[in-house]
Amino acid sequence: MTNGWIDIKNADMMLVMGGNPAENHPCGFKWAIEAKKTRNAKLIVVDPRFTRTAATSDLFLQIRAGADIAFLGGMLHYAIETNRIAKEYLVNYTNAAFIVKDGFKLPEDGLYSGFDAASQTYDRSSWNYEEGNDAGSAAPSHTAAKAAAPAPGTPPPLPLLPAKVAYDLTLQHPRCVFQLLRQQYSRYTPEMVERITGIPKDHFLKAADLFTSIRKDGDMKKVATIMYAVGWTQHSFGTQIIRTAAILQLLLGNIGRAGGGVNALRGHSNIQGATDMGGVFDSLPGYLKVPNPTDVDLAAWLKRITPAASKPAPWDSFNYWSNTPKFAVSYLKAFFGDAATKENDFAYQYMPKVDRNYSWTQIWDNMYRGSVKGMFAFGMNGVAIGPDSQKNIDALKKADFLVVGEIYPDETSEFWKSPGINPEEMKTINTTVYRLPCAGFAEKDGSMTNSARWLQWKNVAVPTPGDCRLDQDIVAQIFLKVRELYQKDGGKFPDPILNLTWPYVNAQHPALGDLAKEMNGKALADLTDPKTQVTIKKGQQLPGFAWLKDDGTTSCGIWIYSGCWTEAGNQLSRRGTEDPSGQGIYQNWSWSWPANRRVLYNRASCDPLGKPWDATRKQVWWNESAQLWVGNDVPDFKPDSNPKDHMGPFIMNAEGVGRIFAPLGLFADGPLPEHYEPIESPVQNALHPNQSNNPVVKKLKTAADKYATPGDGFNIICTTYRLTEHYHYWTKNNQMNVQLIPEAFVEIPVELAAELGIKGNDKVKVTSARSYYVAKAFVTKRIKPMTIDGKKVYQIGIPIHQGYRGIQEDEGKNARTILNRLTPTVVDPNAYTPEFKGFLVKLEKA
Amino acid sequence: MSTAQVVSSGRTAGETDGRICRYTLGERVHHWLGAFTYVYCLITGLAFWSPYMFWLAVLVGGGPTARFWHPWFGLAFAFSMFWMFKMWHRDMRTTDADRRWSKVMKQYIENDDQNLPPVGRFNYGQKLFFWLMFYGVILLVISGLGLWFVESIPWSLRWLRYTAVTVHVVAALATIGGFIIHVYMGTAMVRGGFTSIIRGEVTTTWARTHHRLWYEQIMSGTSRKQ
Amino acid sequence: MSQATLAIRKISGHAGPAPGEGVERDYQVCKLVDTTTCIGCKACEVACLEWNGYTFTDTVFDNSYQTMPQTAWNYWNLIKFNEHEREDGTVTLLMRKDQCMHCADPGCLAACPADGAIVQYTNGIVDFQQENCIGCGYCVSGCPFDIPKFNPATKKMFKCTLCSDRVSEGLEPACIKSCPTGCLHFGSKDDMKDLAETRADQLRENFGFEKAGVYDPAGVGGTGVIYVLHDATNPEAYGGLPKDPHIPWVVRFWKGPAKWIGNLAMLGGILGVTLHYLRYGPKEVHPPKNENGGQP
């Protein structure tokens, strides 16, 4: 979330799309209700199903799963054409005025410039800004040197953003970002939106009018927020959907403002924490990029991952990522302590170099192909998560070992007795399964990071039952044993293991408080701030990441969490309920990264002179007499940057401004979002039938990876979701939850059910190209038939929760199929999230 | 079994004060089964009827106990009524004699019995009472089932719940009216009647007085005599 | 339930006055359910079960998100889900928390024959006292909302207590505490009525729900649970909320005039036969005169 849960109450307009907060985030959704009650805020819900969120909405539109970019692109088109945009914000706080290099091409045919069909990748060098000055007063420059063609076999030299970007503050230059944006989405007319999304033109216009009404006549006071969840991310173009939303919010001037933002509603209590902590293969804690084999030494790595400012010459850019070396070196110091010295590049070479894609589906693919031999599965149910659960089961059959740390026996740890495996086959499965009973959330302390980036400390409520052990103890004990083996037997490269710091008081049972302190970071030498003369003694906890050094005098496990456990103690357990501004900022409640800021980019809540756009929702402002940024929230800005210097509010971007156009390598599939069809779609792309799907998306190629077409008889769109009554694959073990929703079901439109002779509660079978799923029919009026590009299309929806292990399952009351047997193994090219939403199935009475 | 054929031997000699068997053992058993269960239902029913009579429930073991047994006793009463029906329904048919009798019922009420037309084993009033109880119990059982299993009547058919209440009340009140008269007549008004339902016997005089046609039937040998 | 701070105003099946009769309290308690902000999360269902100590029962999926068809003796709080087609052809999902309405004029209490099995406290809560309940089920017929439910094991009736045990200790009912969206409110009837009307005004003026209104049916003297509805003209759409609920006239008649008519009739019968005896006395047995052998 750029903003936070409570901040939603400050909104005047809310768009919920690709999410169902009323059901999946009921406690957070109270703030949407609050906005409705206290501000008369309007709620627009766009979803393939009429959800319980829709039940509280002012306007609901039923969209075809996977057509989100078309809808949002249509909104962009509408906002531009009706001039309902935040002009001053757009010019000053986004790259709308930046001029893009000659040679960049928009995807009228479905492809941006630089596509290489053989490798299914883009040469992204043309996706760059033009170097220059104010182009509004000068003729377009064509002098920028073309990047030299790379020699065959070698990776192309890293293109860089120009330090001095050409710009046109009148936004008239044909290659300025704003004009490209207008041109790109001029194709997303209401008629086109109707053809692609299935939303009737007049309904769409109603929504577009309502949402953009906050910028009627250019008034900047009102604010709109957008909330989304995995309904957006789980597509083969998921990242680009979110990009479209971000662009819309930049266009309307809603980012950085109370009641605005683009807000990811995270689906687990600590999934934000997992992401912050580098829970993906291409990111280290604090969103540092992982080293790859081309980073031959620390300097090379830091050079690659540290951006240089790129902006119009008269403007200023804080470019906060220029501090990357401080974060990275402090991170290495936290990892390897005294073994990380200036001389050995702070043990940089201990770091693994990531040479390829190690994302979720890839891991399973590799296991299926036999190259991954074992797996540790803690706190997740890999078989049930899918996609293509059967492939995952088949992969596990080939593994040597599987270690599962869980609180219930789950589908993963019992993969070897999943339905369809007979006793004969069972004998042939040689995977050794170790089941380690772990601790539930109430049985351990520590912190969880919520969607609002708050780190909230919790205490132990109950002891672990029976033989269960704390997860951190299990991991620690495995590590210590491995280290012992390395000490005894040596190995190929024992140094990283042997030199890893393990400074916990009780090595076998590391206290999570110790870990939090380590993440916060401490001074390894006496430090003095030259400006304020404040001194921090060696060994003391750091007050925040501003103190981090790249010379080895600080250590910090994750820079964005620095400030969470200072000399003043555990900031995460703070429970102050003061809210002087009434905006729900609650500065003294827990602690929010970064630096306890509640709304990111909050400099953008003020006009270029530093005055809040809306005086009734003052977040931060420029205090002329103090020559400082001050406010109710912690300014997300250089505190003493005078507005006259025109420093951009988006300090994490090298440009200092919000990126409507995402240059160079930021995204694999385009600097501006374009609508592509899901890999399995009932129709061809109405914009460019010859390039229907995302061109850079690669299908996997094992025998298990099958993809359907309507021609094969798969012509019903299926989407998946969670129910408020259940939590993922766990609560089917809890009687209370099972009582609320006892059985698996498939939501089927009344009309489709009538066609197929299906009545409510009938058993039905859903079949995809991969496998089938059996459940009871939930015949509902809340999903209606749609007309997509003139074709009648049905959508059905299936909750994910049931499987072959749980109270009902154990009693034989469910069909014991896992929903994700149906889903395809195809992923978003940027985030590698599988396309769980919008695949094709057949439906029949079972 | 519809008529009492057995005339008991007079304990003393002579026809005139001989005794006639009016009710067989089976008839008496069923009468008293009916009487006992009806009275139980009456007591408990009255307790449920009015707060001022709720104390009656306490007499028979308290409200929950009363509520528990009331329907079962009701069923037992219905059973006894069913047997009485089997035994007596032929005797209970209205005859021409009854019709004549009914026209001058006022005289009967005023004990001006001398000129009443003769009646059979049961007079018209008794027959009325019988049929009142018979149809009453049918209504009571049906409506009572509705009250007993009130939750199994779906909400959409809730008019049935209300009908059940109404019918039960009306039928109960009607039987109570009959019951009061029955008890009064059986104990106070018609001497010998009470003994007859206990011992089964009446004197020939009694029979001749109150049920001339029946008496004559027996005396004429259409029925057996000892 | 705790009666220490809950004076009783009305008592079922009771002869004579109730101790709290005529007591004027500063406020009546009231639960406000704003159906326009209900998200059907069922937190109130679970909170109700947990507070009242009821556990898991087997349920069966029935083409709905609804947990079970109606409330049960051990499931007092149920969200009713209704797919409702609006006039313009669009579909909406109406969700309403169903529970005892705590009528000012409670039909259950009127129908109940058992002394003290149902009481109404002076704060408006209608509460079942199972130790006095005889399990007759008359309350089922008396209730216009189909709320009281029979426990076949204990043969007692049960329903929502409005958490009288919590309320008597100054706490809000468990359902209120658990509601994540603030769709449930608890306070004095006046305040809740105010809040509800304000919200209904807001819905009419700012959200286009021209028929929005408050459900506080006069037919039962107003209720201790009131609803804000998007369309107050059609409460039936919300899982069969009766449009004009009142104690069934049969029950009214039964527990009112019928009782006195019946009592009088019975008394009349007894008096009648007594008078008859006094006037006419017993019937004489007439010895045979000239027939069949004459007198002895």
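Strands here are DSSP runs of E with at least two residues, helices are runs of H or I with at least four residues, and both are numbered from the N terminus. Axes are lines fitted to C-alpha atoms, for helices over the stretch in contact, and angles between N-to-C directions run from 0 to 180 degrees.

The model is predicted: local features need pLDDT of at least 70 and side-chain atom pairs count only at pLDDT 80 or more, while totals for chains, interfaces and linings use all residues. Residues are numbered from 1 along each chain as its sequence is written, and chains are lettered from A and ligands numbered from 1 in the order in which they are written.

Within the sheet of chain C, strand β2 (residues 29–34) and strand β11 (residues 225–229) pair in the parallel sense over four bridges. One of the residues involved is C:K31, whose bridge partner in β11(C) is C:V225.

Chain C as a whole has eight helices and eleven strands. Its radius of gyration is 26 Å, well over the 19 Å that the globule rule gives for 296 residues, so chain C is more spread out than a compact globule. That radius is taken over C-alpha atoms, and the rule is 2.2 Å times the number of residues to the power 0.38. The C-alpha trace of chain C spans about 100 × 50 × 40 Å along its principal axes. Of the 296 residues in chain C, 47% are buried. A residue is buried if 20 or more other C-beta atoms lie within 10 Å of its own, exposed if 12 or fewer do, and partly exposed in between, with C-beta atoms placed from the backbone. Among the contacts in chain C with a separation of 6 or more, 62% join residues 24 or more positions apart; a contact requires C-beta atoms, placed from the backbone, within 7 Å.

Next come the interfaces. Two pairs of chains touch, and the most contacts are between chains B and C. Chain A and chain B do not touch, and their nearest C-alpha atoms are 21 Å apart. On the chain B side, 40 residues of chain C are in contact with 43 residues of chain B. The elements of chain C that give two or more residues to this side are α3 (138–142), β7 (149–151), α7 (249–255) and α8 (257–280). The largest share, eleven residues, comes from α8(C). By class, this side of chain C has 23 nonpolar, eleven polar and six charged residues. Ala, Val, Leu, Ile, Met, Phe, Trp, Tyr, Cys and Pro count as nonpolar, Asp, Glu, Lys and Arg as charged, and the others, Gly among them, as polar.

Towards chain A, 27 residues of chain C are in contact with 29 residues of chain A. Here α1 (43–52), β3 (78–85) and β4 (91–98) of chain C are the elements that give two or more residues, and β4(C) gives the most, with four residues. This side of chain C divides into eleven nonpolar, eleven polar and five charged residues.

Chain A has an open sheet of three strands in the order β10-β11-β12, with parallel pairing. Its edge strands, β10 (374–378) and β12 (432–437) of chain A, each pair on one side only, and the twist averages 10 degrees from one strand to the next. Five bridges join β10(A) to strand β11 (residues 401–406) of chain A, with A:G405 in β11(A) as the bridge partner of A:F378.

A:M367 is found in helix α13 (residues 360–369) of chain A and is buried, with 23 other C-beta atoms within 10 Å. Leaving aside neighbours within four places in sequence, A:M367 is in contact with A:V372, A:M375, A:A395, A:K398 and A:A399.

Terms used: Pairing = 2+ DSSP bridges.
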